Amino acid sequence: MKVELQQIDKHFGSVHANDHITMTIPAGTIQGILGENGAGKSTLMKILSGFIQADSGVIKLDGKKVVIHTPDQAIHHGIGMLHQDPLDFPPMRVVDNLVVGSPGGLVPNKKEAIAALKKLQERFGFQIDPDAYVETLTVGERQQLEILRLLWLGARVLILDEPTTGISASQRLKLFDTLRKLAADGMTVIFVSHKLEEVEVLCHRIAVFQRGRMVGEAKPPYVTTKLVEMMFGKAITLDERAPCATCDPVLKVEHLEVEDTRLHICDINLEVCRGEVIGLAGMEGSGQRMFLRTLAGLTRPVGGKVIVHDKTLTGKTYASFRKAGVTYVPASRLEEGLISGLSLTEHFILAREQKGFIINRDAAVKETEENIDQFFIRGKPETHVEALSGGNQQRALLALQRQDVDVLLIEHPTRGLDIESSIWIWSKLKARCQLGATIVFISSDLEELLHYSDRILVFFGGKVSEPLDAGTTTVDQLGQLIGGLGMKS
Amino acid sequence: MPKTSSRWLGLLFQVGAVLLALLFTSIILLLVGAKPFQAYERIIYGAFSDMGHISDVLVVWVPLVLVSAGLLITYSTGLWNIGIEGQIALGAIFTVWAMRLLQDSSIPPVLIILVGFLAGMLGGALWAALAGALRVFGGVNEIFGGLGLNFVSTALTIWLIFGPWKRPGVGSMSGTVPFDTSLWLPMVGGSRLSLWSLGLGILGIVVVYFILQGTYFGLRLKAVGKNPRAAFLMGIPTSSYMMLAFILCGVFAGLAGAVQVTGVYHRLIPSISSGYGFLGMLVAMLVNYQAIGAPFVAFLFAALNIGSIQLPIDLKLDSTLSGVLQGALVLFVLLMDGVRRRVLHKK
Amino acid sequence: MQKRLWLIVSLLVIATMALTACTTPATPTATEAPVDETLTFGMLLVGPYNDHGYSEAHFVGGQYVEANVPNTKMVYVDKVNSADRPGTTPAQLAEELVAKGATVVIFNSDDMKDSAHEFAKAHPDIITIHASGDGAWKDGKDYQNIPNLSNVMGRMEYGKMMAGCAAALTTKTGQIGYLGPLINDETRRLASSAYLGAKYCWAKAGNDPAALKFKVTWIGFWFNIPGVTSDPTQVADDFYNSGFDVVISGIDTTEGLIEAGKMKAAGKEVWAIPYDYEKACQEGADVCLGVPYFNWGPAYAKYIKAIQAGTFTTGWEWLGPDWTNINNPDTSMVGFDKGAALSADASTALDSFIAELAGGLNLWTGPINLQDGTPLLADGVVASDLEVWYLPQLLEGMEGQSVSQ
Ligand SMILES: Nc1ncnc2c1ncn2[C@@H]1O[C@H](COP(=O)(O)OP(=O)(O)OP(=O)(O)O)[C@@H](O)[C@H]1O
Ligand SMILES: [Mg+2]
């Protein structure tokens, strides 16, 4: 379906999130959208999919002007959207999830839904059990489910807002295949991402946004440096890696044994030095998150020890881990990291040490302003966190972490950040390492793992590799390990 | 500029909500064959015509505002403390209990009343802690737990009145034997209003306003209410805060119960809570959980309660009409708020 | 947010003021000052004014006064109880009636005792009549010495005796059930009176007094409160299903009668006797043996007239039936309206029993023992009002609880 956007304009108070954007996407196209954090990408997508309304502007589908006020209306017109932050999934089965949103009669036809699901799964090579509970699916599987659901509802325009941030490499390849197939069938795909290499291999054309405006378009062959310049108005290069010298063990893991309903991992041993960065690699759901949460005291290990600063904390509460200087930064920003409905200032008050009983608001606002400047958060002290763009939420989340902690456990530190911000965030994190902090992080971005880690643990099929030296490992080697090749048994 | 215009729009919606609520109630009145304006006039007359009525409104206001204050705390923490009715009752029961134990002693009455109040706070807090423990440690939704505990508290009240605390030889729905007048809160000449309880009501809402607006404690409660998982990861012990919210709310409910005993009924009666728990929930909803509005809305509701007494006397109308109006106000304000948000969104 | 609240509040105030403004002209007519000679009397009814029971009997009494005493006007509030009017006290509601011009206030229920006393003390200029109370009874246990407080009660004992008699004359199984409300002095003496009437007529008909079974089951209150009281429907069913074929009701509602009707429809031979309200039999005429009822009109008319004339003196009165015609609406405080299900023979026997009562028969004459065997009255001794009013237990020969636990 051909999608035309004409003069779309949107203000949020004083923020001009979309400034008279006009673009045309022919049917059968995969349209890439690039832009720094807060450029207005998600806003435009939400307008197209009915989650918010534009102040002014016209949307045409196949040349016909349409009015879209709600997501329901959008899907009725054939527009479906996958969100940047996966919406809360209710505790229900896969089939029910499909059926719930369907327009049909009062009594939904489950059999029909299951049959349709099966057919779609076969076509794209997905393997989701219709009877599984949605909450047990990995992020990647949820995403597949969501795509199937939208297709089943009759979507002919598919919008994906940063779809690859939480999924494994193989799931990503599968996703790309799917998108290509859909485009070949005449569907229109809009793909928002910060990952240039993905956009470059996948998209038939690219639009670049900056501060609410569309500042340029590109067609293959793409020139990466050109795209970066369009996005930021300047060229960007990666910092040089600066490994730490001597080892002063801060965090020790001995014969650690962790398990959940799907996975059992035995005998993890690790000694992390002061100032060291450890990357945890693996496909989504291979146990790296469970391991990280065990280090934070959020999950109890089945056996073994966790030692922080020579103190054995195994079995202790999260609070005692925090007291020992451990902090945990979750991946799902709005579900676990930030509190919707509270302002930035209020977040800083909560995150910082309590001084007395009564809050000194002025001081808190001042500190918030400092952090906003320091972390380039696009927002004001009184802005509610849910009104920040995805990338700015991530910056806020990192800014909130206390200065005095020396073990930082981070899930996907740069998920949703544009390149410039990623580099900048890592420079901040590295600066902390210089001051003696230790970082253990999860990422699905191989480049990030290799570039910023000192050592990497790879999780696969209930096993954990020996720590790899990041400096001497290549992307290919790491990719193979993640895929299970060459893992010692 | 867009800011002020949206504020005016908001105002317009509020007016709309109030008018709709009045319209809705009027239609109901017309359906039962009454004259709406006459009914409203009688309500206003019954609430404000003289000092006597105004003081009666304040007599209702005090427990209502205390209950609303307590509920603001649990609401902020994301908890529906529907067990509030039982907590008021237990506050009253504990107050009566303490005062019965002490009434024949030589302790000065002021002290007995004071102990009664403390006991009431304790009773409310314990009952709330029970609901809290069921929720926090037992995983029982506080709505179901609260309903159950309300039921138990009613049974307990009735049992006490007809059992251990019955009047000599007689069980009576009118309650236990009234306390000696020396154990009544002193009332302003000729009225039923005690300045002490009035002061307590004002103090209560001020304290809650202060806790929620200005303290770390209050902000943490809000954080737990809005996102317990994130709050926990930020290092807030969510279980303890939920328990604290329940207990604090129970303290306020218990105070309301103590006021009902020492200032209004001077004994334990079967429906000692007077339904202020549920009414308080409406107040809290109507003020959108902001403490600043609670005293005013509570006053309005109290005025409706007292004013509507005129309806059966003068117009032979059921006084539950005030309840209809109160419910309609909450409904329409919430409704219009939703509509307003949609409209502002579209713009 | 805070701004918004202020807005709501100020709007409400404005709306309120606007309403007041609109309606102000109407105010004078609504609160019309009473015409000089008109005496306004207020009535506080514990239940709904149309409850077909105790409160309606009072309400009808008030209407009787309005109709029969010139220049009188009734103002009333019904459902005066803390469950129906939460947050209010009877004294507070009485004040509302005073504000409407009432110079006499009638509190109709025993449950309003504390409030009636409190109100009377606070308003020495208002004559306060507490029906069913004993606060103005100099010899009573609860004498208050409040000059403007008066008590009045009907000698329903007689009505209950007639009920008991009708039941005894009708029962085929010799088992009579009594559906009791809550246990107090009044309800004990009423249940006992019913028993005395039953025993007398049972023996008179030539039966063995020891063969009569009379059982009282208390439900816990004057009417059913789900979850709090026993369910009277259930209690009545239990009676009928375990051999009791007549149930005398001591509660305000008519479950006993209704259940009897159902049983009868199902082919059982059972009867019932409701309470309080003259027309109660209407809800089940084919099983109703009759109803003992209060007729408050004449008593109140007498008081109001005396008050108008300035000759009223407060005190405690316990008024019996007019023995020349117990059902005379203008004279008799207590009556018994025979029901359609009462057989002709039984009706005649009941009439002769009533005639005996009228002739001076007093069933509260010794020997009478209390339920636990302690003598209440020695042989030939007639009970005093005090002994009957404050009856401490049920009587020997009755089954059921004497004291609430
Ligand atoms: N609900 C809202 N209320 C107020 N401001 C908002 C709201 N949603 C977005 N904004 C603001 O609009 C601007 C554009 O946000 P948008 O989410 O479209 O950015 P984005 O291009 O998707 O960025 P990112 O790459 O970080 O996700 C930002 O400055 C953001 O703070
Ligand atoms: Mg975005």
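Q: How many salt bridges does the rule find across the interface of chain B and chain A?
A: The rule finds one salt bridge across that interface. The model is predicted, so local features need pLDDT of at least 70 and side-chain atom pairs count only at pLDDT 80 or more, while totals for chains, interfaces and linings use all residues. Residues are numbered from 1 along each chain as its sequence is written, chains are lettered from A and ligands numbered from 1 in the order in which they are written, and side-chain values use heavy atoms, with hydrogens and water left out.

Q: Why is the pair Arg229(B) and Glu336(A) called a salt bridge?
A: The term requires a side-chain nitrogen of Lys or Arg within 4 Å of a carboxyl oxygen of Asp or Glu. Between the side chains of Arg229(B) and Glu336(A) the N to O distance is 3.7 Å, and therefore the pair qualifies.

Q: What makes residues of chain B and chain A count as being in contact, and how many are there?
A: Contact means heavy atoms within 4.5 Å. By this criterion, 24 residues of chain B are in contact with 35 residues of chain A.

Q: How many residue pairs are in polar contact across the interface of chain B and chain A?
A: Eleven residue pairs, both residues at pLDDT 80 or more, are found by the rule. A polar contact is a pair of N or O atoms within 3.5 Å; within protein, one must be able to donate a hydrogen and the other to accept it, and residues adjacent in sequence count only if both atoms are side-chain atoms.

Q: Where do the domain bounds of chain B come from, and what lies between the domains?
A: An automatic or database domain assignment supplies the bounds: domain 1 (1-34 + 317-347) and domain 2 (51-310). These domains of chain B bury about 810 Å² between them, 76% of it from carbon and sulfur atoms. Across their interface the rule finds zero salt bridges and three residue pairs in polar contact.

Conventions. Buried area is the accessible area (1.4 Å probe) that two parts lose on being put together, summed over both.
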